[in-house]
Structure formats: structure tokens, C-alpha cells
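Let us walk through a protein model one contact at a time. Keep the sequence and the 3D view side by side as you read.

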Amino acid sequence: MSRARNLSKFKPASTGLIADNTITNAMINSSAAIAKTKLASLDIVNADINASAAITRTKFASQVCVYANSTVNNGGFAAGAWEGVEFSAEVIDTNNAFNRQEGTDANNAGVFTCPVAGRYLISAGSSMATSVAYKIGNAALRLVKNTTGNAANGGTRIDGTTQNFVFNNNTCTSCAATTTAIVDLSVGNKIWLQANGNWWDGQWQAQAGHFLVMQVA
């Protein structure tokens, strides 16, 4: 009896394996437990996320947040002119987006420069007073926005943010106001607070105040 073997019964080790890059979505069973290591790296886009997905806050990039204040009396304002208001201390500045004393077209000011395009809540305020008692005549605040990327070019009033007080002589020494806006900003847009004062005697001053920015969308 011949001991010769029929080699046609043997198959090479590669036979029966699926060639690279040939599997299609339809070939995969819906219950297949495929390890992540077998999948190519994929970037998640907005459409991949279910509207009801409970995604932990730590997976999001940090929102932009700025808070600055001042307890310094800023004098030297020109009568009847809109000029920038400085702030003496930065308390929070997540993106290094705030300059306490940046040059503008009228006086230095605390200027926020948008680092990430989005929607922002902005709130700013200041006490306003005269160095001589009961001599404040006019005290006004407003927010301005610059879109050129250079605050020295000046800014445009953000509508609805002007707060204004007028007093007769010998009636008031100081007052305070806060103004707030929600605005859409592009990268490089700048926001700052301006004050406008007039007085009967002494020096007009922007005193204790605050400047707050919070990204909301």
C-alpha cells in the first residue's frame, strides 16, 4: 500500500482569512463585540453625538472667563468725553485675554480680547465721583466693541448699554452704575468699558468697579 500523501488536502495558513480593507459594514453582525483596538482612529463630529447623550463636563474645553476689579480712583477724565476705564486687578483670566491697561483711542482701558469665537455675557460697572463734595454733574457708562483687532482704532457703542445720570450743582458727590450685554464675538474682537463725566468743581473720577466676561455658547 502506497504511503504517498495527497498534498492537495493541505491549505496554506492564509486561506480563509479576510484580506485587508475588504470588510464592509454590512458584513458585521449588529451584536458583534469588536475591540476598539481593531478600529481605526476616528474623529467624533457633532452628528455622531446623540441629542440625549449625558456627556460629562470635563470632556468639554474650558469656557472663557474673566473677572477684574479696581479700588483705585482713576482721575484725569476730560469733561464730556467718552474715555476708557482701567482696572487695577485681574482675579480670573482663563485665557490671558484681558489687559488691565491697554491703549485705546481715548485713555487706557481694561480691554478684553476674544480668544475663542462664541457668545459672551459681559458685565461691567464703576462708581463715579468728584473730588469735591456735591459737585458731580454728569456720570455715564457704556460698553464698546472693536472689530479691527486694535483698540487704538476706537470702538463702537454696544446698543442698550449706556447708563447715564445728570445732577444739579450741590446735590451729589458719587453714584454707581452697572451695564450688561450678551454679544457674539469673533476671534480678536475687543470689548471695554467707557465713562463720560462732567462736574461743577474738583476732579471727576472713576472709582471702585468691576469687569466680567463669561462665554455662554
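Start with Gln-205. This residue sits in strand β12, which covers residues 204-215. Strands here are DSSP runs of E with at least two residues, and helices are runs of H or I with at least four; both are numbered from the N terminus. The model is predicted, so local features need pLDDT of at least 70 and side-chain atom pairs count only at pLDDT 80 or more, while totals for chains, interfaces and linings use all residues. Residues are numbered from 1 along each chain as its sequence is written, and side-chain values use heavy atoms, with hydrogens and water left out.

Is Gln-205 buried or exposed? Gln-205 is buried, because its relative accessible area is 12%. Buried means under 20% relative accessible area, exposed means over 50%, and partly exposed lies in between (1.4 Å probe, protein chains only). The side chain of Gln-205 makes a polar contact of 3.1 Å with that of Gln-203. A polar contact is a pair of N or O atoms within 3.5 Å; within protein, one must be able to donate a hydrogen and the other to accept it, and residues adjacent in sequence count only if both atoms are side-chain atoms. Which residues does Gln-205 touch, leaving aside those up to four places away in sequence? They are Asn-73, Asn-74, Gly-75, Ser-127, Met-128, Ala-129 and Ser-131. Contact means heavy atoms within 4.5 Å.

Now look for rings. The structure holds six aromatic pairs. One of them joins Phe-77 and Trp-204 edge-to-face, with 5.1 Å centre to centre and 70 degrees between the planes. Phe-77 lies in the loop between β1 and β2 (83-84) and Trp-204 in strand β12, so this pair ties together parts 127 residues apart in sequence. Phe-77 is buried at 7% relative accessible area, and Trp-204 is buried at 0%. Another pair, Phe-165 and Phe-167, is stacked: 6.4 Å centre to centre, 15 degrees between the planes. Phe-165 is partly exposed, at 30%. Rings of Phe, Tyr and Trp (its six-membered ring) pair if their centres lie within 6.5 Å; planes under 30 degrees apart count as stacked, over 60 as edge-to-face and the rest as tilted. Ring pairs also link Phe-87, Phe-98 and Phe-211 into a cluster.

Next, turn to charge. Side chains of opposite charge can pair when their charged atoms come close. How many salt bridges does the structure hold? There are three. A salt bridge is a side-chain nitrogen of Lys or Arg within 4 Å of a carboxyl oxygen of Asp or Glu.

Glu-102 and Lys-190 form one of them (3.0 Å, N to O). Glu-102 lies in strand β4 (residues 98-103) and Lys-190 in strand β11 (residues 190-199), so the pair ties together parts 88 residues apart in sequence. Both Glu-102 and Lys-190 are buried.

Arg-119 and Asp-184 meet in another salt bridge (2.6 Å, N to O). This pair links strand β6 (residues 118-130) with strand β10 (residues 174-185), and its two residues are 65 residues apart. Arg-119 is partly exposed at 40% relative accessibility. Asp-184 is also partly exposed, at 45%.

Arg-157 bridges to Asp-159, with the closest N and O atoms 3.0 Å apart. Arg-157 is partly exposed at 43% relative accessibility, whereas Asp-159 is exposed at 61%.
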